[in-house]
Each structure stands twice: as C-alpha cells, then as structure tokens.
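Okay, thanks for coming, everyone. Let me put the structure up, and then I'll walk you through a few places in it.

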Amino acid sequence: MADTIFVLNGPNLNLLGAREPEIYGHDTLDDIAGMLEDRAQALDLTIDMRQSNHEGHLIDWMHEAQAMGAKAILLNAAGFTHTSVALHDAIKAVATPVIEVHLSNPHAREEFRHISLVGRAARGTIAGFGALSYLLALEAAARF
Ligand code: DQA
C-alpha cells in the first residue's frame with residue numbers, strides 16, 4: 001500500500017481563492033489538493049487532505065496520522081501558527097515528521113507573524129511560494 005501524507009490546513013484556508021488573493025493567490029484548496037494528488041501518484045504516495053477552522057481538529061488529525069502510520073504531515077496551521085502552544089506540543093508529541101507550510105512568507109509580513117510556534121517544533125518550513133509551497137513540501141516528505 002502507498003504511504004500516506006496527511007495535508008492539514010487550518011482556519012480560513014477553506015476560503016482560499018477568494019481570500020486576499022493578492023497575498024494567497026487564486027488557487028483554491030481543491031486546486032492545491034489536485035496538484036498534490038497528481039504529483040503524489042507519480043511518487044507512489046497517497047494524499048489525505050483536510051481543513052478545519054478548529055484547533056482541536058488539527059490536533060486530533062495529527063494523532064490520527066501517527067496512529068495510522070502516515071509517512072509525514074504537511075501542516076499549514078494558518079493563524080494558529082503564531083499562537084498555538086497546543087499545536088506546537090502536538091508536533092512534539094507525535095513521531096510523524098511535520099513540515100510547516102505557508103503560501104505567503106510570514107517573515108515579510110506583519111510582526112505578529114514573525115513568530116511561529118509550529119516552526120519551532122516542525123522538521124522544516126517551506127513558505128512564500130504560493131501553492132508551490134505545498135508541492136515543495138511534498139517533494140521533501142517523499143524523501144523521508
Ligand atoms: C498562512 C500565513 C499565516 O500568517 C496566516 O494567518 C494564514 C495563512 C499562509 O499560508 O501564508 O492564514 O499560513
């Protein structure tokens with residue numbers, strides 16, 4: 001069976017495509033899922049893509065990823081990136097490697113985005129390349 005990569009998306013990312021497109025681009029989350037699935041097929045991987053506006057869902061899904069033996073988690077925690085000790089702890093709590101992903105480059109934006117509690121626990125971070133950030137993260141995860 002192909003290894004599974006969980007792709008977890010946090011708050012407001014369900015609005016991608018319509019939400020501040022000058023920052024986040026015109027691709028919807030479904031567009032990104034399609035891109036990832038195409039590439040995953042070539043890499044003999046399976047994508048499990050999810051989105052929630054609720055912090056606890058993201059944490060439960062990280063536990064689930066570990067329990068089902070997922071190869072890696074790509075995590076765009078969106079606004080929770082900068083605030084969530086619980087997500088930071090969840091990344092540390094699971095053995096599954098987590099790659100932090102962002103469409104925009106938070107370091108080039110408002111100061112409150114310069115701190116990432118996710119990034120302090122993640123294996124690595126890919127940010128600033130729009131939808132391509134997800135694909136680059138998948139390339140990294142495929143090599144774990
Ligand atoms: C984001 C960056 C975050 O700062 C922001 O809160 C988001 C999206 C990104 O993908 O660029 O919601 O994670």
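So, let's begin with Arg113, which sits in the loop between strand E4, 98-102, and strand E5, 124-127. And remember as we go that this is a predicted model. Is Arg113 buried or exposed? Its relative accessible area is 16%, and the cut-off for buried is under 20%, so Arg113 counts as buried. As for its neighbours, leaving aside residues up to four places away in sequence, Arg113 touches Tyr24, His82 and Pro106.

While we're on arginines, let's do the salt bridges. How many salt bridges does the structure hold? Six. The general idea you all know: side chains of opposite charge can pair when their charged atoms come close. Look at Arg50, because this residue is buried, at 16% relative accessible area. Arg50 forms a salt bridge with Glu64, and the closest N and O atoms are 2.9 Å apart. That pair links distant parts of the chain, with Arg50 in strand E2, residues 45-51, and Glu64 in helix H3, 14 residues apart. Glu64 itself is partly exposed, at 36%. Arg50 also forms a salt bridge with Asp48, and there the closest N and O atoms are 3.0 Å apart. Asp48 is partly exposed too, with a relative accessible area of 23%.

Another one is Arg109 with Glu110, where the closest N and O atoms are 3.8 Å apart.

Thr4 lies in strand E1, and Thr4 and Asp48 are 44 residues apart in sequence. How far apart are they in space, C-alpha to C-alpha? The answer is 6.8 Å. Thr4 is buried, with a relative accessible area of 9%. If you skip residues up to four places away in sequence, the ones Thr4 touches are Thr46, Asp48, Met68, Ala70, Lys71 and Ala72.

Okay, helices. Two packed helices are described by the angle between their axes and the distance between the axes. Take helix H3, residues 55-67, and helix H4, residues 85-93: they pack at an angle of about 0°, and their axes are 10 Å apart. Angles under 35 degrees count as roughly parallel, so H3 and H4 are roughly parallel to each other. On the H3 side, the contact is made by Glu55, Leu58, Ile59, Met62 and Gln66. Over on H4, it's Ala86, Leu87, Ala90, Ile91 and Ala93.

Next up is helix H5, residues 132-142. Which residues of H5 are buried? They are Ser133, Tyr134, Ala137, Leu138, Glu139 and Ala141. As a reminder, an α-helix has 3.6 residues a turn, so residues three or four places apart point the same way. What covers those buried residues of H5 includes E1, helix H2 at 29-42, E2, E3, E4 and E5.

Leu132, which also lies in H5, is partly exposed, with a relative accessible area of 42%. Together with Phe129 and Leu136, Leu132 forms a nonpolar patch on the surface. That patch has about 270 Å² of accessible area in total.

Most residues other than glycine have a negative phi. Now look at Asn12, which has a positive phi of about 75° although it isn't a glycine. Where is Asn12? In the loop between strand E1, 3-9, and helix H1, 21-24. Asn12 is partly exposed, at 38% relative accessible area.

The other one I'd show you is Ala78, with a phi near 50°, again a positive value in a residue other than glycine. Ala78 is found in the loop between strand E3, 72-76, and H4. Is Ala78 buried or exposed? Ala78 is buried, with a relative accessible area of 12%.

That's my tour, so over to you for questions.

Definitions and conventions
Residues numbered from 1 in each chain as written. Predicted model: local features only at pLDDT ≥ 70, side-chain atom pairs only at ≥ 80, totals over all residues. Heavy atoms only, no water. Helix = DSSP H or I, 4+ residues; strand = E, 2+ residues; numbered from the N terminus. Buried < 20%, exposed > 50% of the residue type's maximum accessible area, 1.4 Å probe, protein only. Contact = heavy atoms within 4.5 Å. Patch = residues over 30% accessible without salt bridge, like charges linked within 9 Å, V, L, I, M, F, W, Y side chains within 5 Å. Areas by Shrake-Rupley, 256 points an atom, 1.4 Å probe, with all protein chains shown as cover. Salt bridge = Lys/Arg side-chain N within 4 Å of Asp/Glu carboxyl O. Axes fitted to C-alpha atoms, helices over the stretch in contact; angles between N-to-C directions. Parallel < 35°, antiparallel > 145°, perpendicular 65-115°, else oblique.
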